[in-house]
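Here is a short briefing for a reader new to this structure. Look at the sequence and the model first, then work through the points by topic.

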Amino acid sequence: MPQLVDRTLCLLYRVLPAAHSQEERQTADAFALWAGEWIDLMHHMGFVVEIPPDLQFAAASTKARRTGKRSTPYGPWARLSGCCDALYTFETELWPRFAAIKDTVEFCPGDHAGCATALAVLWLLKGAPRVAGCIGGSALYGPDAGPALEEVALSLHAQGLETGLTHLDKLPEATALLKEAGQDISHHKAVLGADIFAVESGIHVDGIVKKPFLYEPYTPATVGLERQIVVGKHSGRVSLRIKASQLGLNLPRTAEEHMLELVQQLAERQQCSLTDAQFLDLCHACHPPESLSSARTDCCGLSGATVSVEVGHA
């Protein structure tokens with residue numbers, strides 16, 4: 001079963017200042033406590049964690065120590081880094097060169113060519129046991145950090161391969177910890193982004209409600225997220241109907257065309273999609289609350305019960 005080694009602690013720890021002052025020592029102590037939370041979370045999901053040698057004390061109070069899961073890549077593993085441009089020659093040059101010693105090589109491809117995740121997945125598909133990278137990948141730490149492990153994990157998951165990784169629905173907790181550590185994570189970052197399951201385009205909304213597996217390689221619940229229907233300048237009448245249903249309203253069919261025009265005009269003016277509150281205001285402005293009946297039936301396959309949806313930018 002492949003092992004995915006998370007280098008996040010090493011990448012963050014190396015940028016901490018040397019503890020020459022009381023303030024710097026406090027920063028190091030705070031990081032050690034944060035690292036303990038990170039180690040527990042990563043092990044809970046099934047990742048191996050690389051711990052800087054001088055940060056070993058950070059694991060002292062973690063569940064990882066009690067369960068014997070604490071580990072570092074130091075030992076028999078030789079790390080193979082770089083290889084950024086090896087995607088085209090993987091089958092003919094890279095793999096033949098290292099296949100015989102794959103069980104002692106830990107692959108950590110660079111991302112200067114934007115291919116680190118693909119290279120890591122190819123390495124594991126060939127039967128090699130181990131790759132190293134970090135949660136967030138080059139988007140957070142630069143191209144030498146290795147592949148984004150969450151992308152490698154989901155790529156393998158989408159192909160039905162057993163990885164031993166469980167509880168990937170805890171990835172939003174990893175995102176929250178990274179933000180706590182000062183990392184800026186885009187809402188549209190693959191796997192980790194809060195808005196990756198936000199859909200606005202009318203035909204996209206219609207299709208994803210009918211057959212989501214045609215659009216999504218994995219379900220939102222797999223990574224602890226929810227699908228969001230966003231209304232904006234690319235929406236269609238079906239989008240408005242579903243959004244109204246989610247908010248507990250039955251929008252009259254005769255009002256949909258006018259509402260769509262107002263939604264698109266507002267989205268164009270503010271250069272982003274509408275919030276739930278804005279959409280409700282438009283509904284009530286066009287039709288007083290008494291003319292908007294509560295949604296009691298299914299609408300395009302979605303329950304008519306009220307659903308709280310936080311809408312972000314499209």
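## The two sides of helix H4

The face of H4 that is turned away from its buried side carries the exposed residues Thr92 and Arg97. This is a predicted model.

**Helix H4**

- Helix H4 spans residues 90–98, and Phe90, Leu94, Trp95 and Phe98 are buried in it.
- These residues cover an arc of only 85° around the axis, so they sit on the same side of H4.
- An α-helix has 3.6 residues a turn, so residues three or four places apart point the same way.
- What do the buried residues of H4 pack against? Their partners are strand E3 (78–82), strand E4 (105–109) and helix H5 (116–125).
- Thr92 and Arg97 are exposed, on the face turned away from that buried side.

**Ala116 in helix H5**

- Ala116 lies in helix H5.
- Ala116 has a relative accessible area of 1%, so it counts as buried, the cut-off being under 20%.
- Leaving aside residues up to four places away in sequence, Ala116 touches Pro109, Gly110, Asp111, Gly146 and Pro147.
- Ala116 and Pro147 are 31 residues apart along the chain, yet their C-alpha atoms are separated by 4.8 Å.

**Salt bridges**

- How many salt bridges does the structure hold? There are nine.
- One of them joins the side chains of Glu106 and Arg130, at 2.8 Å from N to O.
- That pair links distant parts of the chain, with Glu106 in strand E4 and Arg130 in strand E5 (residues 130–133), 24 residues apart.
- Both Glu106 and Arg130 are buried.
- Glu106 and Arg130 also belong to a network of salt bridges that includes Glu50 and Arg79.
- Lys189 forms a salt bridge with Glu150, and the closest N and O atoms are 3.2 Å apart.
- This pair, too, links distant parts of the chain: Lys189 is in the loop between helix H8 (171–180) and strand E6 (198–199), while Glu150 is in helix H7 (residues 149–158), 39 residues away.
- Are Lys189 and Glu150 buried or exposed? Lys189 is buried, with a relative accessible area of 13%. Glu150 is buried as well, at 0%.
- Asp103 forms a salt bridge with Lys102, where the closest N and O atoms are 3.3 Å apart.

**Cysteines**

- A disulfide is a covalent bond between the sulfur atoms of two cysteines.
- The structure holds zero disulfides.
- Cys108 is in no disulfide, because its nearest cysteine sulfur, that of Cys134, is 7.9 Å away and a disulfide needs the two sulfur atoms within 2.5 Å.
- Cys108 is buried, with a relative accessible area of 3%.
- Cys283 also counts as buried, at 0% relative accessibility.

**Surface patch**

- Which residues make the nonpolar surface patch of about 370 Å²? They are Phe213, Leu214 and Tyr215.
- Tyr215 is placed in the loop between helix H9 (202–210) and strand E7 (228–229).
- At 39% relative accessibility, Tyr215 counts as partly exposed.

Methods: Residues are numbered from 1 along each chain as its sequence is written. This is a predicted model: local features need pLDDT of at least 70, side-chain atom pairs count only at pLDDT 80 or more; totals for chains, interfaces and linings use all residues. Side-chain values use heavy atoms; hydrogens and water are left out. Patches are made of residues with over 30% relative accessible area and no salt bridge: like charges are joined within 9 Å, nonpolar side chains (Val, Leu, Ile, Met, Phe, Trp, Tyr) within 5 Å. Accessible areas come from the Shrake-Rupley method with a 1.4 Å probe; for residues, only the protein chains shown count as cover. A salt bridge is a side-chain nitrogen of Lys or Arg within 4 Å of a carboxyl oxygen of Asp or Glu. Helices (H or I, at least four residues) and strands (E, at least two) are DSSP runs, numbered from the N terminus. Buried means under 20% relative accessible area, exposed over 50%, partly exposed in between (1.4 Å probe, protein chains only). The arc is that of the directions from the helix axis to the C-beta atoms. Contact means heavy atoms within 4.5 Å.
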